[in-house]
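Trainee: Could you walk me through how to read a protein model? I'd like to take it one feature at a time.

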Amino acid sequence: MRNKILLIDAYNVFFRAYTVDPSLSANGMPIGGVKGFLKIIQKTLREIDVERVVVAWDGPGGSTKRRKINEGYKDGRKPPRRATNRHSEDFSDEQRQENISWQLSKTMEYLNHLPVVQVLIPGIEADDVIAYMTKASCLSDWDKIIYSNDKDYLQLCNEEVTLYRPIVQKTHTVENIIEEFGIHPNNFALARAIVGDSSDNLPGVKGIGMKTVKNCFGFLSEEKSYTTEDIQRYCTETDSGKKAYKSVLENIDLVADNYKVMQLYTPLISYRDKKMSDYALNNAAYEFDFTSMLIQMSKDGFGDYNWDTLKQKMRYIVKSNRVKTN
């Protein structure tokens with residue numbers, strides 16, 4: 001039976017928890033981001049058994065390499081204005097940002113008490129860390145489960161990699177990705193490059209969505225990996241009168257630039273940073289200090305909550321990895 005590792009896109013999960021969890025501390029401050037994050041881990045581990053958990057954070061400054069490719073990448077992106085409770089509605093932008101920063105630091109602090117691997121590399125996004133770990137030789141015989149709402153990870157799915165998107169409560173596999181989108185994961189980044197991604201400030205070809213890509217470029221459902229040159233050639237040679245082909249040809253440079261930014265098949269991570277990721281995987285302590293975590297929760301005004309499942313699952317991870325290293 002193959003081992004499983006859970007790869008968590010930390011900021012994606014944190015901001016979803018921050019947005020939807022209305023928890024308040026004992027002094028009335030929003031703590032939904034940090035508390036919701038831990039509740040998500042507990043719920044996920046209740047549903048699946050994994051031997052390891054990696055929490056990957058976006059490094060300070062985001063992706064340096066992506067900004068070199070596209071200066072406008074992620075320009076204008078802002079965190080959620082407030083958690084969904086009335087107490088944060090009166091916050092100034094400064095107070096809101098202070099609360100977010102406090103919750104982020106607390107999330108990392110709590111995770112330090114757990115036998116999980118946290119990875120944060122300056123200038124590198126979690127996307128690239130996770131993409132690299134799905135291909136890392138030290139995990140070649142492991143099943144990898146990515147936890148994120150980000151559709152960009154669909155391109156990484158294969159027989160060893162699945163994506164769980166909590167917002168739709170669905171585990172994505174190669175088979176159901178092709179069934180739902182008509183696109184093979186090997187070509188998903190190319191399809192997305194045509195459509196664009198407004199959340200990352202990457203405009204696509206106007207008037208073209210995933211349904212149009214599916215209908216006009218049916219060959220993208222094949223396992224074979226296609227390129228922007230293949231798309232350009234197909235549009236040039238196809239004489240159907242469809243406006244979509246002309247639009248793609250007129251914007252083929254945009255598609256090519258989008259692809260460079262959106263693809264995760266070759267993660268934008270240096271050799272040195274790959275070694276840092278390998279070191280984090282291979283040298284984690286896998287220690288669990290549950291008592292200290294509960295004491296810290298009490299100080300931070302978490303209130304009562306049943307963390308028994310989290311405690312049980314973390315002990316299982318410690319035991320699993322001690323057996324492997326002996």
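Trainee: Let's start with cysteines: how many disulfides does the count come to?

Mentor: Keep in mind that we're looking at a predicted model. The count comes to zero disulfides. To call one, you need two cysteine sulfur atoms within 2.5 Å. Take cysteine 138: the closest cysteine sulfur, in cysteine 157, is 20 Å away, so that is too far for a bond. Cysteine 216 is in no disulfide either, with the nearest cysteine sulfur, that of cysteine 235, 8.1 Å away.

Trainee: And where do those two sit, buried or exposed? I mean cysteine 138 and cysteine 216.

Mentor: Buried means under 20% relative accessible area. Cysteine 216 has 5%, so it counts as buried. Cysteine 138 comes out at 26%, which makes it partly exposed.

Trainee: Okay, helices next. Which residues of helix H11 are buried?

Mentor: Here's the general idea: an α-helix has 3.6 residues a turn, so residues three or four places apart point the same way. Now look at H11, residues 252-262: Ile252, Val255, Asn258, Val261 and Met262 are buried. Those buried residues pack against several elements, among them helix H3 (64-69), helix H9 (228-237) and helix H10 (243-250).

Trainee: Which residues touch the most other members of the largest nonpolar core?

Mentor: That core has 92 residues, and Phe37, Phe217, Leu220 and Ile231 touch the most other members. Setting aside residues up to four places away in sequence, leucine 220 touches Gly182, Ile183, His184, Asn187, Leu190, Ala191, Val213, Tyr226 and Ile231.

Trainee: What about tryptophan 102, what is it in contact with?

Mentor: Tryptophan 102 is found in helix H4, residues 93-111. Leaving aside neighbours within four places in sequence, tryptophan 102 is in contact with Pro30, Ile31 and Asp300. Its relative accessible area is 30%, so call it partly exposed. Chain distance and space distance are separate things, too: tryptophan 102 and valine 34 are 68 residues apart along the chain, yet their C-alpha atoms are separated by 9.2 Å.

Trainee: Last one: what is the phi of asparagine 201, and of tyrosine 286?

Mentor: Most residues other than glycine have a negative phi. Asparagine 201 has a positive phi of about 60° although it is not a glycine, and tyrosine 286 has a positive one of about 50°. You'll find asparagine 201 in the loop between S7 and S8, and tyrosine 286 in the loop between helix H12 (271-282) and helix H13 (290-299). Asparagine 201 is partly exposed at 33%, whereas tyrosine 286 is buried at 8%.

Technical notes:
Residues are numbered from 1 along each chain as its sequence is written. This is a predicted model: local features need pLDDT of at least 70, side-chain atom pairs count only at pLDDT 80 or more; totals for chains, interfaces and linings use all residues. Side-chain values use heavy atoms; hydrogens and water are left out. Buried means under 20% relative accessible area, exposed over 50%, partly exposed in between (1.4 Å probe, protein chains only). Helices (H or I, at least four residues) and strands (E, at least two) are DSSP runs, numbered from the N terminus. Contact means heavy atoms within 4.5 Å. A nonpolar core is a set of buried Ala, Val, Leu, Ile, Met, Phe, Trp, Tyr and Cys residues joined through side-chain atoms within 4.5 Å.
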